[in-house]
Amino acid sequence: MDQAVIGKQPFRAKRSVLQDRGSQDPCIIEEGCTIGTASIVYAGAVLEQDVFVADLATVRERVRVGAGTIIGRGASVENDCTVGARCKLETNCYITAYSTIGDDVFVAPGVITSNDNFIGRTKERFKWMKGITVKKGGRLGAGVVTLPGVVIEEEAVVAAGSVVTKDVEGQQLVMGIPARVLRQVAEGQLLQHQ
C-alpha cells in the first residue's frame with residue numbers, strides 16, 4: 001500500500017548502548033502478503049506466505065512471522081522475535097524484543113509486553129533481558145501488561161486489563177493485578193474444538 005517502507009536498515013541513537021550489528025540481510029516477503037499504508041518492514045525480517053501487515057504497523061529486523069498471521073494497525077513487533085502461524089496481533093499491541101509467540105496466538109488491542117526489569121539504568125540488565133513467550137493457542141485480552149521473561153503456556157488465557165508477573169500454566173484463565181488463576185479454560189474454547 002501507499003508509503004510502505006520495505007527493507008529499512010535499522011539505526012541507533014547516539015546514546016544507545018545496544019551494539020551495532022551492521023547492515024542486515026534483505027527482508028523476505030513470501031507470496032500472498034499484504035503490507036499496509038505507512039507500515040515499515042525492516043531488513044532481516046521474514047514474512048511467510050499470506051501474512052497481513054495492517055496500516056502503520058512495524059516489523060523490526062530479525063523477526064520471523066509465520067504464514068497467515070495478521071499484524072494489526074499500529075502494532076509493533078520489535079527485533080529478534082518469532083511469531084508463529086495464524087496469529088492475530090491486534091491494533092496497537094507491542095511485542096517487545098526477544099519474544100517468542102507460538103502458532104494460533106491471539107493478542108488483543110493495547111497489549112504491552114516488556115523485557116527489561118531494570119528499566120534501562122544499568123548495563124547488568126543485558127544479561128537478564130528476556131522477552132515473553134506465549135505458547136500455541138495462548139490468548140491475551142485487551143490492555144494486558146506482561147513483565148519480562150513471563151511464559152504463557154499452551155491455550156492459557158489472560159483476561160483484559162491484567163498484569164502478568166509470573167508464568168501461567170496451560171489452559172488456565174488468569175485475571176487481575178497481579179494476575180491470579182480464576183479457573184480452567186472452558187473445554188469448548190480449546191483449539192481442538194474450533
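Ala, Val, Leu, Ile, Met, Phe, Trp, Tyr, Cys and Pro count as nonpolar, Asp, Glu, Lys and Arg as charged, and the others, Gly among them, as polar. The model is predicted: local features need pLDDT of at least 70, side-chain atom pairs count only at pLDDT 80 or more, and totals for chains, interfaces and linings use all residues. Residues are numbered from 1 along each chain as its sequence is written, and side-chain values use heavy atoms, with hydrogens and water left out.

**Exercise 1.** Determine which residues line the second largest pocket and how they divide by class.

*Solution.* A pocket is an open set of points on a 1 Å grid over the protein atoms alone, where a 1.4 Å probe fits, with protein on both sides within 12 Å along at least five of seven lines; lining residues have an atom within 4 Å of a point.
1. The lining consists of R86, K88, D104, V105, F106, G137, R139, E155, Q189, L191 and Q194.
2. By class, five of these are charged, three polar and three nonpolar.
3. The volume, the space filled by probe spheres set on points joined across faces, edges and corners, is about 150 Å³ for this pocket.

**Exercise 2.** State the strand order of the seven-stranded sheet and identify its edge strands.

*Solution.* Strands are DSSP runs (E, at least two residues) numbered from the N terminus, and two of them pair if DSSP finds at least two bridges between them.
1. The order in this open sheet is β2-β5-β8-β11-β14-β17-β20, with parallel pairing.
2. β2 (28-29) and β20 (151-152) are the edges, each pairing on one side only.
3. Inside the order, β8 (residues 64-65) runs parallel to β11 (residues 82-83) and is joined to it by two bridges; R64 stands opposite T82 there.

**Exercise 3.** Locate the partner of R64 in a salt bridge and explain what the contact links.

*Solution.* A salt bridge is a side-chain nitrogen of Lys or Arg within 4 Å of a carboxyl oxygen of Asp or Glu.
1. The whole structure contains six salt bridges.
2. In one of them, R64 meets E48 at 2.8 Å, N to O.
3. Because R64 belongs to strand β8 and E48 to the loop between β5 (46-47) and β6 (52-53), the pair ties together parts 16 residues apart in sequence.

Notes: Helices (H or I, at least four residues) and strands (E, at least two) are DSSP runs, numbered from the N terminus.
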